[in-house]
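Thanks for making time this morning.

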Amino acid sequence: MNQLVELKLKPNFVAEVSNGYPLILKEAAETIDEALEEGTLLKIVRPNGKYIATGYYGKQNKGIGWVLTNNQTEEIDEAFFKVKFQQAFIKRDSFYNIEDTTAFRVFNGEGDGIGGLTIDYYDGFYLISFYSQGIYSFRETIFAALKETAELRGIYEKKRFDTNGQYVDQDDYVEGEVGEFPIIIKENGMNFAVNLNDGAMTGIFLDQRDVRLALRERFSEGKTVLNTFSYTGAFSVAAALGGAYETTSVDLAKRSLPMTIEQFSVNGIDYEQQQIKVMNVFDYFSYAARHQLKFDVVVLDPPSFARTKKMTFSTSKDYPKLIGEALEITAAKGIIVASTNNASFNMKKFKTFIDKAFKEKNQRYKILEQHQLPEDFVILEDYPEFNYLKVCIIQLLK
Ligand code: SAH
């Protein structure tokens, strides 16, 4: 078992942690031994030494660890993980039973009681993501607990804590069946090719499920759709299946071209009838403006932070500018799907970015729909700040 060390809180952090805030902030600790080993169990106490909670030490960008229980007698062992997994799987009962969706999140970190750990289900394969060296130190216990609670084909893992924010290439296979990738998963009847052993990403972002469905069902029929930062083109696939007249997918990464072709193909869509551009979105905006192209629907889903040779882009600074550029090539009464997964600001703040962009262009608008994390990405109701996904579907008014 991992070692247990006492962590004394500063007085003004006691109430928060006692009330259930799951994250252990660096500034909350009276002192912190920098030499503390990742994965060390923490007995979190008040300034007078009285027990509050048990957590683990694991450095992430947002904190130094997570609270695991408020019960001093509870051991952090295989039985602990088993109970947490069982509770989480019961919550996803409906997902396990839907035939036209075979990929979803079965364990969502602090929302399911263990920060720093997520588990996604891909048609019988379980993909475990570890967000710190600390939680990774529990891996054998976690695998054992998972095998006891889930009927699984195989386990893959992602170590999301490698240095410099870089994902170090590795073999992510853990045990069970070796996947023959890509495997095809279903989402609301759409097909997506997925590879669990090819870098940090799998080919699809499961948290956008509701937005893909909205786009397909309500905003695509007969429309021209521009999908920026398109990655494997999942939004383009949804739009095409929703009857879009034509989709245009734009992404800088070379691999986005074959991957987008693949996603169209596994859905029986002729990719040659669609546009796929490997280029910088901002260059595409200039190109489109020069050629007076207009799109009925523009999807904006940038990474939180991106750097190219020429520029850096940060959603918290540059989102209004991004919308502004998109407005130049959006048709009258068109739709902008504005999305961000930047956890450093909330929906309210995001809407101020939207408002700023539209005001600057003297353009009236109406937010038709807003989406955050879907039901399987369980979050703690008291702490909406962990609901990082923010999507607004905006209509231009004239
Ligand atoms: N919308 C996608 C996910 C986007 S991930 C989906 O739903 O699946 C972010 C993508 O932005 C990555 O594929 C990355 O290659 C791309 N990207 C980052 N900066 C870019 C830029 N300046 N121009 C074009 N693409 C960019």
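Before I describe the site, a word on the term: a residue is near a molecule if one of its heavy atoms lies within 4 Å of it. Please also keep in mind that this is a predicted model.

With that cut-off, the ligand is surrounded by 14 residues, and the closest are Phe229, Asp251, Leu252, Val281 and Asp301.

Asp251 places a polar side-chain atom 2.7 Å from an oxygen atom of the ligand, while Val281 has a backbone N or O atom 2.9 Å from a nitrogen atom of the ligand. For Phe229, a polar backbone atom lies 3.0 Å from a nitrogen atom of the ligand. As for cover, the ligand on its own has 580 Å² of accessible area, and the protein covers 90% of that.

Now to the leucine. Leu36 sits in the loop between β2, residues 23-24, and β3, residues 41-45. Is Leu36 buried or exposed? Because buried means under 20% relative accessible area, Leu36, at 13% relative accessibility, counts as buried. Setting aside neighbours within four places in sequence, Leu36 is in contact with Val5, Leu42 and Tyr57.

Finally, a distance for orientation: Leu36 and Ser249 are 213 residues apart in sequence, and their C-alpha atoms are 47 Å apart in space.

Technical notes
Residues are numbered from 1 along each chain as its sequence is written. This is a predicted model: local features need pLDDT of at least 70, side-chain atom pairs count only at pLDDT 80 or more; totals for chains, interfaces and linings use all residues. Side-chain values use heavy atoms; hydrogens and water are left out. Helices (H or I, at least four residues) and strands (E, at least two) are DSSP runs, numbered from the N terminus. Buried means under 20% relative accessible area, exposed over 50%, partly exposed in between (1.4 Å probe, protein chains only). Contact means heavy atoms within 4.5 Å. A polar contact is a pair of N or O atoms within 3.5 Å; within protein, one must be able to donate a hydrogen and the other to accept it, and residues adjacent in sequence count only if both atoms are side-chain atoms. Accessible areas come from the Shrake-Rupley method with a 1.4 Å probe; for residues, only the protein chains shown count as cover.
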